Amino acid sequence: MITSQNCSICAASESLRDKAQNLSKILGLPFDVESQTSMQLMVTDDHIELRVADLGSPIWIDFTEGKNAHRRKFGGGRGQALAKAVSLKHGKTPSIIDCTAGYGRDAFVLATLGCKITLIERNPIIATLLQDALERAKSNPETAEITERMRLHNTDAKDYLQALDSQQKPDVIYIDPMYPSRAKSALVKKEMQLLHQIIGPDTDNDSLLTIALDVALKRVVVKRPKTAQPLTKQKPSSFIESKNTRYDIYF
Ligand SMILES: C[S@@+](CC[C@H](N)C(=O)[O-])C[C@H]1O[C@@H](n2cnc3c(N)ncnc32)[C@H](O)[C@@H]1O
């Protein structure tokens, strides 16, 4: 598995050197040793991207174009399964904590539909890509208002949830753990391969769910592959299915 320790920070041009050096200090990762590491976070003029030798073209997150923009315009609004699972109906807009932010796609859908959403991502490399995408989206007129509703914290969600006081508890907690690596549907996508390589399986899902059930005011929603078992032995109260996905709901 590639770990964050095999990553260095690089600048695409001399003028970006200060920005890259600053990032290297924040992340505690070496600066400009591209040839010695299997993975690089490259600061370019447009964005921060992740380069991994085996995976070909670099990866960065973009909320303004591509899949995220398509889903914003044509994603099915409050009728889509994710929206129904978090109870976005009858004009209600719950506050949400997304404990497994990843590339921020699900969170962006929910923010597009009006939710205030706190994103938690514990991997520092993925959190860097996500923070960079959020900042760029905030200066784009089409996504500024949406991304103003999104706040990212680079920490473990279990710690974050346990530190909340009663005023800060969200209506809904959303958990999308790494799919088991056998799930082919997740592995076909290059971005998901990368998450598997950097992060590997999440081994603490059950304890995260137990804490979430204690903290959420209204419901916890867990995204699963359609044929997978629910996370813990505790049976969900309900579920909503879409093509390849099941949302287990715990009231
Ligand atoms: C399958 S991805 C989530 C994808 C995300 N729903 C999206 O739409 O892009 C799971 C992510 O959750 C993160 N994660 C897993 N357990 C976590 C925890 N306890 N605290 C914070 N982040 C966690 C992993 O590092 C990984 O980036």
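## Overall fold

Of the chain's contacts with a separation of 6 or more, 62% are between residues 24 or more positions apart. Two residues are in contact if their C-beta atoms, placed from the backbone, lie within 7 Å. This is a predicted model: local features need pLDDT of at least 70, side-chain atom pairs count only at pLDDT 80 or more, and totals for chains, interfaces and linings use all residues. Residues are numbered from 1 along each chain as its sequence is written.

The chain holds 10 helices and 10 strands (DSSP runs numbered from the N terminus: helices are H or I, at least four residues; strands are E, at least two). The C-alpha trace spans about 55 × 40 × 35 Å along its principal axes.

Strand β2 (residues 39-43) is mostly covered, with 4 of its 5 residues buried (20 or more other C-beta atoms, placed from the backbone, within 10 Å of a residue's own). Across the chain, buried residues make up 37% of the 251 residues.

β2 pairs with strand β1 (residues 7-11) in the parallel sense, over 5 bridges (strands pair if DSSP finds at least two bridges between them). Cys-10 has Met-42 in β2 as its bridge partner. β2 and strand β3 (residues 48-52) run antiparallel, joined by 5 bridges. These two form a hairpin with 4 residues between them. There, Val-43 bridges to Ile-48 in β3.

## Ligand shell

The ligand is surrounded by 22 residues (C-beta atom, placed from the backbone, within 6 Å). The closest are Thr-100, Gly-102, Tyr-103, Arg-105 and Ala-157. Helices α4 (105-112), α7 (157-162) and α9 (190-199) each give two or more residues to this shell.

Note on methods. A residue is buried if 20 or more other C-beta atoms lie within 10 Å of its own, exposed if 12 or fewer, and partly exposed in between; C-beta atoms are placed from the backbone.
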